[in-house]
Amino acid sequence: MNKRYPQKLYLFVIYGTFILVLLFIFFVYTYTHYSQNAMEDAGNNLETMCASVKNSVELQLDNISTISINIVYSNAIKSNFKDFSNINGDDDKDLTRIAASHQKMTAIAEIVSAMIGAYQSASEIKLYTMDGYCAEVGYWQRISSVDLESLPWYEPTMDLHGYKYISNPVVNPELPSKDGRKNSQKFISLTRTFGEAISNPEGIVEVIQDCETIFSLPLQLEQQNPDSRIYVYNSRHEQVYPYDDTDKNAIDENYSQLIQNQNLEDGETHMLTTDLGKDLLVTQLSLDNYDWRVVAARPKAAVYESLKSYRSTFSMIAVLSILLTLAVCMYISQRMAVPLLKLTKATGKITINRVLDENKVNLTSADSNIKELSMLCESVRNMYEKLRSTSQEVLLSRSEETRAKLQATQSLINPHFLYNCLTHMGIMAEEGMNDDIIKMCYALCDYFRYISSSKEMIVALSEEIFYTKQYLECMKLRFDEELNFILDIPEEARSIYIPKLITQPIVENAFKYAFQMSPPWELVISVRLSSNAWNLLIKDNGGKMTDEKKNELMTLYENLDMNEELKSMQIGGMGLKNVYLRLKLLYGENAIFRIENSEPGNTTFVLGGPIYLSREEYYAEHPQL
């Protein structure tokens, strides 16, 4: 059977889907547009940063390279340095020659100081003789001897035959530091040989510059653009910036090598996937005179971070649109569905009670201007009138039939109880137990007067429990201390109405089947109320009911044919089935009949149905009785 949904739901789904599709298309279009603009802006920003850094670093390198060239081609410096080299190369030096060496050193220092200016455009300048003597000018002005071959730049400088060699950033604790970082501040050296003959140089000039001076602009730009990173690589694809080894990207990735491997064009922005799987927006420029490479990079996620506010705003708009759609759908549906709802309510009032009520009840009009709805309403009214006129006769005959069936099931009393009681009374008479005989006679009379009355089909719970107690008193006189019974009946439950003789067949069943074990025997009758049902629990300690037997009985009862069973009823042997049939006749699908054997050694029968506080209330809902 196809599922049916309210008209409001249909309207909401249709209009809501339509608006969501439009919003989705709008979002995809605008998001794509904005993301492209964001990528383009980020690329332009990286290209600008890269170009600025390239010019700045190139300017700094040109500065120290120019200083080195000026020193190399300065005749005054070469003349003084040649004399300085000859004096210090002589093994036999007296005080006069030492003084002459210092005089030459002073002359060189004055010329170099004039070259680098008052603001010292280089941190330190060193002139090395090929014999290992060094004339140091700048922060220090001194003469020292060094082992040239032990210096890391010596061999590559000699191999270049006068062309410049730029070292990696290294810590030089002898030079001045900033902010007390003497043991961590790094410097870069530019070295080259000089002399008349390329193959036989006269010396080496080393121009030293602070890394913070060379890379001052990258530091500033990174502070202004925290999401972006700048890397500078030398001709050997070694990273020279960042030079402090604190950037993990500098350690884990070599962007210069990646760019070269992928043949990316200079000055253009590309999306690069690193070996670590990160997506970066990358721009690179080469310093042609130095074969250095400047790389500006920004993570793709950082580029799209600017769109986060747009996504949040759009999500809010989507939620508001859905709420607005819901409100519009409810309004439209209300205008369209009110006549249908009125008609539905009117037809819902056609209950069996109203049909059987002697006072005629008029159905509410749909009050609609729609012709089809007015015709439908009139048809329902005619159906209601015909139903009232024909149902009385049918229900009258059904009432008599149902009452007869209930009386039949109620009258099926096992006579063995009477036979056993009379036999036991005879034994008691022989033993002179006159008081007990009188007590049993009165209890027996009360009990049989109750079960033989066919006036009412339902009785108060207190009445049913009273006569069940009379039955148990008779059994107590028979079995004495071998039998113990407990009645747990809440006061608020005593006034509810239940089917007559619903307890006795279950109690009798316990004596017939459960109490085959050795005494003592115990029977507990209790009542529990829920919000809309009563539950009568009858528990015995016979412990005979197995899961297989329970399942067999429940399957049998649930598949009973009510009409066939009522035709074939016989006196005796109808205990549990009798109870099940009467519960079904009285309550239909609301009847409760369960067997519970989960508690060790105990079997509990649970009977129940809806709560009624008077016979009139019950008969009002069951006019067929």
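Colleague: Where is Asp291 found?

Modeller: In this predicted model, Asp291 is found in the loop between β11 (279–287) and β12.

Colleague: And what is phi of Asp291 near?

Modeller: Phi of Asp291 is near 60°, a positive value in a residue other than glycine.

Colleague: Is Asp291 buried or exposed?

Modeller: Asp291 is exposed, because its relative accessible area is 52% and the cut-off for exposed is over 50%.

Colleague: Which residues gather with Asp291 in a patch of negative charge?

Modeller: Glu265, Asp266, Glu268 and Asp288 gather with Asp291 in that patch on the surface. Glu268 sits in the loop between α8 (255–261) and β10 (269–273). With a relative accessible area of 40%, Glu268 is partly exposed.

Colleague: Nice. Switching to His237, where is it found?

Modeller: His237 is in the loop between β8 and β9. Its phi is positive, about 60°, although His237 is not a glycine. His237 counts as partly exposed, at 21% relative accessibility.

Colleague: What kind of peptide bond joins Tyr241 and Pro242?

Modeller: A cis peptide bond, with omega about -5°. Pro242 has its place in the loop between β9 (239–241) and α7 (248–252).

Colleague: Let's talk salt bridges. How many does a search of the whole structure find?

Modeller: The search finds 8 salt bridges. One of them joins the side chains of Glu136 and Arg142, at 2.8 Å from N to O. Glu136 counts as buried, at 2% relative accessibility, while Arg142 counts as partly exposed, at 28%.

Colleague: What about Arg298 and Asp227, how do their side chains meet?

Modeller: They meet in a salt bridge too, at 3.8 Å from N to O. Arg298 lies in strand β12 (residues 292–299) and Asp227 in the loop between α6 (216–224) and β8 (229–233), so this pair ties together parts that are 71 residues apart in sequence.

Colleague: Is Arg298 buried or exposed?

Modeller: Arg298 is buried, because its relative accessible area is 18% and buried means under 20%. Asp227 counts as partly exposed, at 39% relative accessibility.

Colleague: Which residue does Lys539 meet in a salt bridge?

Modeller: Lys539 meets Glu599, side chain to side chain, at 3.8 Å from N to O. Lys539 lies in strand β17 (residues 533–540) and Glu599 in the loop between β18 (592–596) and β19 (603–610), so the pair ties together parts that are 60 residues apart in sequence. Lys539 is partly exposed, with a relative accessible area of 24%, and Glu599 counts as partly exposed at 42%.

Colleague: OK, helices now. What should the 19 residues of α15 span?

Modeller: At 1.5 Å a residue, helix α15 (residues 461–479) should span 27 Å. The C-alpha atoms at its ends are 26 Å apart, which agrees.

Colleague: Which residues of α15 are buried?

Modeller: The buried residues of α15 include Leu461, Glu464, Ile465, Thr468, Tyr471, Leu472, Met475 and Phe479.

Colleague: Why would residues three or four places apart point the same way?

Modeller: An α-helix has 3.6 residues a turn, so residues with that spacing point the same way.

Colleague: And what follows α15?

Modeller: Asp480 follows α15, and its phi is positive, near 55°.

Colleague: Where does Arg478 lie?

Modeller: Arg478 lies in helix α15. It is partly exposed, with a relative accessible area of 24%. From C-alpha to C-alpha, Arg478 and Asp436 are 9.8 Å apart in space, and they are 42 residues apart in sequence.

Colleague: How many of the 10 residues of helix α16 are buried?

Modeller: For α16 (residues 504–513), 8 of the 10 are buried, so this helix is largely enclosed by the rest of the structure. The buried residues are Gln504, Pro505, Ile506, Val507, Glu508, Asn509, Ala510 and Phe511.

Colleague: Last topic: which residues form a nonpolar patch on the surface?

Modeller: Val21, Phe24, Ile25 and Val28 form that patch, and together they have about 370 Å² of accessible area. Phe24 has its place in helix α1 (residues 7–72). Phe24 is exposed, with a relative accessible area of 55%.

Note on methods:
Residues numbered from 1 in each chain as written. Predicted model: local features only at pLDDT ≥ 70, side-chain atom pairs only at ≥ 80, totals over all residues. Heavy atoms only, no water. Patch = residues over 30% accessible without salt bridge, like charges linked within 9 Å, V, L, I, M, F, W, Y side chains within 5 Å. Areas by Shrake-Rupley, 256 points an atom, 1.4 Å probe, with all protein chains shown as cover. Salt bridge = Lys/Arg side-chain N within 4 Å of Asp/Glu carboxyl O. Lys, Arg positive; Asp, Glu negative; His and termini not counted. Charge placed at Lys NZ, Arg CZ, Asp CG, Glu CD. Helix = DSSP H or I, 4+ residues; strand = E, 2+ residues; numbered from the N terminus. Buried < 20%, exposed > 50% of the residue type's maximum accessible area, 1.4 Å probe, protein only. Expected span 1.5 Å × (residues − 1).
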